[in-house]
Amino acid sequence: MSNRRSRQSSSAPRISDDQMTDLVNKLRLLLPEICERRRSDKVSASKVLQETCNYIRKLHREVDNLSDRLSQLLDSVDEDSQEAAVIRSLLM
């Protein structure tokens, strides 16, 4: 297994510890859950990655919900109406 791991890592570009720390810090700034905490609170990189995944899932759910609501709205209005034109323009 260690042979497979070493072969995989040799084909991928290596990220330095400093680069990894920088990326995790940038993610921290983007996450509402973590941003609300005091700056002095230490949050592990694994926690930041977990929160990032959770946040992306939440955003996907919100997009799906908004898409469903727009579809329902479009179904409820006359397709030649001003409202339908506005909704179509928002979707494009």
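A quick word on the model: it is predicted, with local features needing pLDDT of at least 70 and side-chain atom pairs counting only at pLDDT 80 or more, while totals for chains, interfaces and linings use all residues. Residues are numbered from 1 along each chain as its sequence is written, and side-chain values use heavy atoms, with hydrogens and water left out.

So, how many salt bridges does the structure hold? There are three, where a salt bridge is a side-chain nitrogen of Lys or Arg within 4 Å of a carboxyl oxygen of Asp or Glu.

Let's start in helix α2, residues 17-30; helices here are DSSP runs (H or I, at least four residues; strands are E, at least two), numbered from the N terminus. Lys-26 pairs with Asp-22, and their closest N and O atoms are 3.4 Å apart. The two sit four residues apart, about one turn of the helix. Lys-26 counts as partly exposed because its relative accessibility is 47%, and Asp-22 is also partly exposed, at 37%. The cut-offs are under 20% relative accessible area for buried, over 50% for exposed, and partly exposed in between (1.4 Å probe, protein chains only).

On to helix α4, residues 45-76. Here Glu-51 and Lys-47 form a salt bridge at 3.2 Å, N to O. Is Glu-51 buried or exposed? With 12% relative accessibility, Glu-51 counts as buried, whereas Lys-47, at 34%, is partly exposed. About one helical turn separates Glu-51 and Lys-47, because they are four residues apart in helix α4.

Helix α4 also holds Lys-58 and Glu-62, again four residues apart. Their side chains meet in a salt bridge at 3.7 Å, N to O. Both ends are partly exposed: Lys-58 at 39% relative accessibility and Glu-62 at 37%.

Now for the record. An unreviewed UniProt entry annotates residues 56-83 as "coiled-coil region"; such positions are given in the numbering used here, feature names are shortened, and annotations may be inferred rather than shown by experiment. In the model, that span is 82% helix and 0% strand, with its end C-alpha atoms 31 Å apart.

Last stop, the surface: Asp-78, Glu-79, Asp-80 and Glu-83 gather in a patch of negative charge. Patch residues have over 30% relative accessible area and no salt bridge, with like charges joined within 9 Å and nonpolar side chains within 5 Å. Glu-83 belongs to helix α5, residues 82-91, and is partly exposed at 49%.

Terms used:
Accessible areas come from the Shrake-Rupley method with a 1.4 Å probe; for residues, only the protein chains shown count as cover. Lys and Arg count as positive and Asp and Glu as negative; His and the chain ends are not counted. The place of a charge is taken as NZ of Lys, CZ of Arg, CG of Asp or CD of Glu.
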